Amino acid sequence: MRASAAIYGCLGPRLGAEEIAFFRDVRPWGFILFARNIEGPDQVRGLVSALRETVGREDAPILIDQEGGRVQRFGPPHWRKYPPARVLANLPGGPAARREAARLGARLMADDLRALGVNVDCAPVLDVPQPGAHDIIGDRAYGETPEAVAVFGRAVAEGLLAGGVLPVIKHIPGHGRATSDSHFDLPVVEATAEALRQTDFAPFQALSDMPMAMTAHVLYRTFDPRRPATTSRRVIQGVLRAELGFSGLILSDDLSMKALDGDMTQRARRSLSAGCDVVLHCNGDMAEMKAVAAGAGLLSGTAARRAEVALARIPRRPEPLDRREAEARFDALLAGAQA
């Protein structure tokens, strides 16, 4: 039986009977975890196993937002705390040391995630923050120029892949100019097409070979004056696919965010109709998930092939890692920033 074109969250650290029945019925392509789902390593492994059991696929994607800094779902006391992107991008020692720190930090994160059965990390952030923009991106960015963001973003993506975890570049085609938080409002970007292409879009074009990308709930008026990227065919087909050359799996950002209008069924249908391959719903609300399922349908055709290609990018054997040695080197690189 084929999977549906959706990824869902769940309410707590263990699945309830209604959730199990729902997931068995709709068979989502994957799942996403949040802090509310996490108590400790053994519990997470049990939850991951239970989620995959509901859909009968051992390779079902399990996603997490594990960037470091303020966006880190796994943290102390069970997992180490990682610094935000801005710290890594500003480390002393020159570009080579900074790139090493970015890749090594991601490799360590991948080691954490893989041990839990999590195989997809919604990172790196490739947004380029602009003066006057909302701080929703802020220190999550790897620099203030598209060149720096692309270099460090690739280092993070390579570190995750080396550790057996798929990266998700976000928020395509760029959230750095947004003057509001798309969790609560629809950001509208008035910049010209030329400015967007030179700055915001550039890191995504540079990493267009990545397996997965997450959309921005941002309206780029010069490309589509009515619809945010997630539900805009002009942006997804005209910009992401045609201009930026991204051929991987496109995942919507969370449908429950207030930047989108319409009910959950409409949001799912509009996103998929625009060209998203899979939709994401995060909050675990059962009524909303059922509404999303009504609009999501099955993962099929080109979207299904993209999903298969993405999962095939996970290496069977991660790059060898001496955890103690890697942490010592990472800490030494970070020490320069704290001196």
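How many helices and strands does the secondary structure of the chain contain? In this predicted model, the secondary structure comes to 12 helices and 12 strands.

**Overall dimensions**
- The chain has a radius of gyration of 19 Å, which agrees with the value near 20 Å that a compact globule of 339 residues would have.
- Along the principal axes, the C-alpha atoms of the chain fill a box of roughly 55 × 50 × 30 Å.

**Burial, surface and contacts**
- Of the 339 residues in the chain, 59% are buried.
- The accessible surface of the chain amounts to about 13600 Å², and carbon and sulfur atoms account for 50% of this area.
- When contacts between residues at least 6 apart in sequence are considered, 78% of them join residues at least 24 apart.

**Arginine 306**
- Arginine 306 is located in helix H11, which covers residues 301–312.
- Beyond its neighbours within four places in sequence, arginine 306 is in contact with Arg241, Ser247, Gly248, Leu249 and Asp277.
- With aspartate 277, arginine 306 forms a polar contact between side chains, at 2.8 Å.
- Glycine 248 is 58 residues away from arginine 306 along the chain, yet their C-alpha atoms are separated by 5.9 Å.

Note on methods. Residues numbered from 1 in each chain as written. Predicted model: local features only at pLDDT ≥ 70, side-chain atom pairs only at ≥ 80, totals over all residues. Heavy atoms only, no water. Helix = DSSP H or I, 4+ residues; strand = E, 2+ residues; numbered from the N terminus. Rg over C-alpha atoms; globule rule 2.2 N^0.38 Å. Buried < 20%, exposed > 50% of the residue type's maximum accessible area, 1.4 Å probe, protein only. Contact = heavy atoms within 4.5 Å. Areas by Shrake-Rupley, 256 points an atom, 1.4 Å probe, with all protein chains shown as cover. Polar contact = N/O pair within 3.5 Å; in protein donor to acceptor, adjacent residues only side chain to side chain.
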